[in-house]
Amino acid sequence: MTTPIHVIGGGLAGSEAAWQIAGAGVPVILHEMRGVRGTEAHKTDALAELVCSNSFRSDDAENNAVGLLHAEMRLAGSLIMACGDAHQVPAGGALAVDRDGFAAAVTAKLAAHPLVTVVREEITGLPPRDWDQAIIATGPLTAPALAEAIRAETGADALAFFDAIAPIVHFDTIDMDVAWFQSRYDKVGPGGTGKDYVNCPMDRDQYEAFVQALLDGAKTEFKEWEGTPYFDGCLPIEVMAERGRETLRHGPMKPMGLTNAHNPTVKAYAVVQLRQDNALGTLYNMVGFQTKLKHGEQTRIFRMIPGLENAEFARLGGLHRNTYINSPTLLDGSLQLKSRPGLRFAGQITGCEGYVESASIGLLAGRFAAAERLGMAPSLPPATTAFGALLGHITGGHIVSDDEPGKRSFQPMNVNFGLFPPLEPGTNLKPEGFEGRFRGKDKTAAKKRATTARALADCRAWLGRAQTAQAAE
């Protein structure tokens, strides 16, 4: 009999990983502590319990990156998507689910599968060595004993317990007639050019209005079980503003060492800097702008910044409890811990955000582990797919910040089009019979449709190759 693979954690990622492993004909033991020990956020011991929203977000596979991920997961036989579809509730263009019916369906499907064994127990350390293939999918509420074991294995700075996330902007929505490229004092760091930041200038009136908006904006509160993890290295921008109206312009918005390329004789009163966030150069993060402002307020207030009036955000800022590892440093391309072959991580603990993203990484980890158990090399999804784009972010898509020692440059993220490789030069975006100039929103929408069409074609080809290889075994 084939030796089982062990999966620790019965959330969305762990449940999906177990399903994919069993679907490949490999036995799996799924370890879930709820039923023996609860968490501060879960209410039941059901597998794949949804602890926050009941929405899987947009189901539009043609125009939305998360909708595309839905479609790819369906192609790959996802348990999470099948149960979500079966327990859908009305939500317009989004896929929302009856949370109790959904979790009950996932639990029942796994309990009924002949190759799946669910064990209710807390795993307090790393898997023993004789579990030669194992997946840790314990999510943002990883129990302290296991978290400490992960920290001991990976290093003191490799495990974070809170996100301190600044908003991330799609570069092509920044007005570069207002903003300009320059590093402070034209400093050329490792791999830099002296023009490594996008700079958005403010005069005094703009700065004063911006600070007032931060002070007045509606904020979210920490949940009782999260505590209040403020420390000076990652204060929310609105907390800095509360410490004094000049605090920001002597902190993350200081104008020193910067000269406006569009108006060199006028010194900015304050400057907002954005730093490249991915290797493709399609995403830029707002430096020092971690925040507890509500999402609608962030969009409104940050579009007050000159150059960002029409900014589109790949993700908005936040600060909340979320145990995750520094995956680009620790994991290989198949989600395997570099220091311990056979041990993989999946779900939010790897540095992805969102129900569907977590489940998709569980899907990939399960497939990779099953392939190795069957004596095959893991088949990695193409970078052009939603699977591949998200995997690329987790295992190597971040930019190291050499000029800010001690700061983590890797942050959790939802799937978005900024993670995908650009379309090939010469790709025809115009609909058949279209005449005249093609730009603006029409061009943006056409690029999304072309990106999703390419992704689905490449995903089908990838899944077909994987099935052929498995059949050959």
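The model is predicted, so local features need pLDDT of at least 70 and side-chain atom pairs count only at pLDDT 80 or more, while totals for chains, interfaces and linings use all residues. Residues are numbered from 1 along each chain as its sequence is written, and side-chain values use heavy atoms, with hydrogens and water left out.

**The whole chain**

Let's start with the big picture. The protein chain comes to 12 helices and 16 strands; these are DSSP runs numbered from the N terminus, with helices (H or I) of at least four residues and strands (E) of at least two. Of the 473 residues, 54% are buried. Here, buried means under 20% relative accessible area, exposed means over 50%, and partly exposed lies in between (1.4 Å probe, protein chains only). The chain exposes about 20,000 Å², and carbon and sulfur atoms supply 52% of that area, by the Shrake-Rupley method with a 1.4 Å probe.

Contacts (heavy atoms within 4.5 Å) also tell us something about the fold. Among those between residues at least 6 apart in sequence, 71% join residues at least 24 apart.

The structure holds zero disulfides, a disulfide being a pair of cysteine sulfur atoms within 2.5 Å. Cysteine 83 is buried at 3% relative accessible area, and cysteine 200 is buried at 0%.

**Two helices**

The expected span in this table is 1.5 Å times one less than the number of residues.

| Helix | Residues | Length | End-to-end C-alpha distance | Expected span |
|---|---|---|---|---|
| H6 | 204-216 | 13 residues | 18 Å | 18 Å |

Which residues of H6 are buried? They are Tyr207, Phe210, Val211, Ala213 and Leu214. These residues sit on the same side of H6 because they cover an arc of only 160 degrees around the axis, taken from the directions from the helix axis to the C-beta atoms. On the other side of H6, Asp205 and Asp216 are exposed. The cover over the buried residues of H6 includes strand S11 (197-202), helix H7 (237-242), strand S12 (270-276) and helix H8 (295-302).

At the N-terminal end, H6 is capped by aspartate 203, which has a side-chain oxygen 3.2 Å from the backbone nitrogen of aspartate 205. A polar contact is a pair of N or O atoms within 3.5 Å; within protein, one must be able to donate a hydrogen and the other to accept it, and residues adjacent in sequence count only if both atoms are side-chain atoms.

H10 is mostly covered, with 17 of its 19 residues buried. After H10 comes glycine 375, whose phi is positive, near 85 degrees.
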